[in-house]
Amino acid sequence: MNEILLDIGTKAIKLAEKMGADQAEVYVAKSRAYEIEAENNAIKGASEQIDAGIGIRTVIGKKIGFAYVTTQDTSDIEEAITDSLNLAKASFEDPDFVTLPSSVGSYQKAKGIFNKEVDELSSDEAAILLIRTIDATKEKLEGKDYAIESAIHSSSSSSAIVNSLGIEMTESKTSISLYSYPVIKEGEDQTASYEYQISRNLNDINPEHIGMKAAELALGFLRPKIIESGEMPVIFAPLGASAVLGRGFAGAVNAEEVQMGRSYITDAFGESIASETLEIIDDGTIPGGLGTRTFDAEGYRTQRTPIIESGVLKNLLHNSYTSNKDRVDNTGNAARPSYSGLPSISTSNFIVTPGKGNLDDFIAEMDKGVVCRNTGDRPNMITGELSAMILEGYYVENGEIQHPLKNTLIGINMKDLLKRVSQVGSDSRTTFSMITPSFVIESANITSG
Amino acid sequence: MEDLATAAIEAALKAGASFADVRIENTTTTIIEISDGISKRSMASRLKGAGIRAFIEGAWAFAQTTNLTAAGMRTTGESVAKMALATREKVADKFEIDGPTFQDHFKYKVKKPFRSISIDEKMSLVKMIDDQSRDFDKRIASTRSVYGDMHTELYIANSLGTNVYVENSIPRLISAPTAKDGTNRQRTFKSIGNRGGYEVMDSDAAQNIGNDAAELVIELLSSVAAKGGSYDVVMDPILNGVMTHEAFGHAAEADNWPSHSTVLEDKVGKEVGPEYLSITDDPTMDGKRGSFEYDWEGTKTKKRTLVKDGIFTELLHSLETASRLDMEPNGAARSQSFMSAPLPRMSNTFMEPRDWDVDELIQDTKNGILLCSYNYGYTQTAKGQFMFQASHGYIIENGEKGQMVRDVSLAGNILEILSKVDAIAKDFELDAGSCGKGGQAVPTMAGGPHARIIDVPVGGM
């Protein structure tokens, strides 16, 4: 498989160069994704997505074009190369563009990112995992009026990146995720919650844990109330932490956004920007991580990059363009949506270094405050202002959860949030965007009504 | 394309499916992005392939293929039917798929097809609006200007006898400048999105979008963060559209009924708001980004009256939901592309105008806040919780517009919010958007008149 992709890539590069490209880069990928969905406590359907396509970046001088197509037919590839070159020709020069990346230094081969069990997971095995999840949720909800939505999703993909400067890399990855989303009705009250796991390895998935945890959480969100508004401490459980840091902070250390003046930390590079309690690294080399890879989306080697150490901003996340522009080392953080886009910048495994204690400990130690289990919000990336609804959360008094919350918002500037981190837990978990434990901030403006 | 679709459908039926459908798509897109006068993204794409579904007794299966040969379609048709058959025994709810059938060949006519316009001309347009922003004021720190066009040819057929060919053409123009004054930095976003060809770019709004966005971002330099608390909120048409979309539209998508995942489940035919409130979702409007003649299941679309005089009257249906709930299909099933199965979705969603004069509405608001435009919004229909964020607004004191504020978030509950709408104005405007659901984005519009909601929590810093 991977040899075929490399072969398609190599041929496309040669053709692009022959047709007039000074440099060219090809991203070729093929993936198979399988999903089974359940609604109202029973399986409903299955889907299989086989996706194979190619994206071609061409460079003429300092002008860049890109085109992709959802097939790998020779005639379609030729059309994409033509489109890519025509777009490059019509573009306005980017004086900061230096070159596509070349292969430098040694690559550290990624470990644990392809799991044979996931690759070969049969539809029956997937269905059994899903049914076990639903059964575990049901068991916890016995006697209640409920409807469980649940799904299992597995994928296996291979990609190859080839460019004119000698990069010829290929890698295969698997991933599996499973969730349970129970809705509960009780009188006039209706609520819902969810739990999920995602991993590259089948063995990491525990359907009973997911099922039971989802049910427990949902039960805990019945009868939500509003609270009196004011300044108070906030505990971010790992999903909430991941929303705030994985989206709200990772985007701010993206070198492209910083270069464009679109990040709230633009003027803070090398300075103390966070509490000394908070340490964050981006590490694409940890075995089995969701963001683990041998090379980034431009074929450049991946690495471990400290972001915040002792409160000080140490590094930004770079791809070849931004590192050339700033004349710094490329951190290997180029990212793209498979073959269908140009490289941007994203985290690999964005990790908050664990500290001490867990969510329960932090609640027990809290005099008066709120817990944010999750939010769907993101800050204004240029001012850092965050106004986040507590999508799932609780009010805490005297070390105990008093009730779940509704219509409640957290207001804080990200720059203050980073400085007000008073405790970081050890209850780390993997989410879709990072690996983080719970953490506590001293205070934020809470509005409820 | 008819032969290819027939090959897949016949193979699926032969393998044991009771219903099968096919979407064959050929879409081309262009995206041109210029920042600070420099090309940042010059991109073309072609999406070419087929999505095939098979169904038997309540069990669905979906697969996609880019092998657009009769043999490729047969193979996928057969394998998707086998997937549905394997799922059948595990399904709890048995039901059948039925619905009206349609045959049509619809060519969407535009004045200036995208392919008739050179890349150079499109590039010049983006450069022109990028320059507008850059030249507007010396406090403009950086600019981002994006043009996108998408032309779709779609053929839809199913085993009931529907076979429909449709075309669509939607352009988009975005200006997103940032401004800087000392350490004070602000950003904004303006977009134009209608249905049509390149002629949409000839409008005054499109030709001046760089100036308009720059003017707003400079004004934002004098804005402050809002103080949190409960306010009487006057929404502008754009934000009203977001509220209507997030706080009601999603909860009215009929796939929430079989899954019991909307707080509106028991409210059909009942009062959900004041008698002067009506909400419409209308994909038949001329020249709108959320408009389409047939949905992605080949059902002819029609105007849907979701709320009529405060009563919840209609849901957004796919063939499945209409069959299961024994209601009339109304053509709301949409997919992002052939790679996904269709889901019930909104189109152009809006609150119907009433009789308040906008100025009088603001004068009538003693202490409140006027909220305009939006950054984003989301909702969890099973819980009824939603939030959305206005991009900016103005404090209203004693009926007068005062201090500008920015990024104002508003949280609420679907069942509580509509009854708090106490005044609806007579103006009307729709704004372009993209709506995400189940990982699929589809073009939509949302809007309405200015309207006031009383005593809602607004987040502060």
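This is a predicted model: local features need pLDDT of at least 70, side-chain atom pairs count only at pLDDT 80 or more; totals for chains, interfaces and linings use all residues.
Guide: A salt bridge here is a side-chain nitrogen of Lys or Arg within 4 Å of a carboxyl oxygen of Asp or Glu. Residues are numbered from 1 along each chain as its sequence is written, and chains are lettered from A and ligands numbered from 1 in the order in which they are written.

Visitor: What is the count of salt bridges between domain 1 of chain A and domain 2 of chain A?

Guide: Chain A is divided into domain 1 (2-90), domain 2 (116-157 + 174-220) and domain 3 (230-448), with bounds from an automatic or database domain assignment. Across the interface of domains 1 and 2 of chain A there are seven residue pairs in polar contact, both residues at pLDDT 80 or more. A polar contact is a pair of N or O atoms within 3.5 Å; within protein, one must be able to donate a hydrogen and the other to accept it, and residues adjacent in sequence count only if both atoms are side-chain atoms. The count of salt bridges between domain 1 and domain 2 of chain A is zero.

Visitor: Which three residues supply 45% of the area that domain 1 of chain A buries against domain 2 of chain A?

Guide: Buried area is the accessible area (1.4 Å probe) that two parts lose on being put together, summed over both. Between domain 1 and domain 2 of chain A this area is about 1,300 Å², and carbon and sulfur atoms give 53% of it. More than any other three residues, the suppliers of that 45% on domain 1 of chain A are A:Tyr34, A:Ile36 and A:Asn41.

Visitor: Is A:Ser91 buried or exposed?

Guide: A:Ser91 is found in the loop between α2 (74-90) and α3 (116-119) of chain A; helices (H or I, at least four residues) and strands (E, at least two) are DSSP runs, numbered from the N terminus. Its side chain makes a polar contact with the side chain of B:Ser42 at 2.6 Å. Buried means under 20% relative accessible area, exposed over 50%, and partly exposed in between (1.4 Å probe, protein chains only). At 5% relative accessibility, A:Ser91 counts as buried.

Visitor: Which residues does B:Ile119 touch, not counting residues up to four places away in sequence?

Guide: B:Ile119 is found in helix α3 (residues 119-136) of chain B. With 26% relative accessibility, B:Ile119 counts as partly exposed. Contact means heavy atoms within 4.5 Å. Leaving out residues up to four places away in sequence, B:Ile119 touches A:Asn86, A:Leu87, A:Ala90 and B:Ile32.

Visitor: What does the pair of B:Arg406 and A:Glu385 join?

Guide: The side chains of B:Arg406 and A:Glu385 meet in a salt bridge (2.6 Å, N to O). Both B:Arg406 and A:Glu385 are buried. B:Arg406 lies in strand β22 (residues 400-413) of chain B and A:Glu385 in strand β16 (residues 385-389) of chain A, so the pair joins two chains.

Visitor: How many residues apart are B:Arg452 and B:Asp364?

Guide: B:Arg452 and B:Asp364 form a salt bridge, with the closest N and O atoms 2.9 Å apart. B:Arg452 is in strand β26 (residues 451-458) of chain B and B:Asp364 in the loop between α8 (358-363) and β19 (367-372) of chain B.

Visitor: How many salt bridges does the structure hold over all chains?

Guide: One network of salt bridges links A:Glu39, A:Lys44, B:Asp93, B:Glu320 and B:Arg324. Over all chains, the number of salt bridges in the structure is 49.

How values were computed:
Side-chain values use heavy atoms; hydrogens and water are left out.
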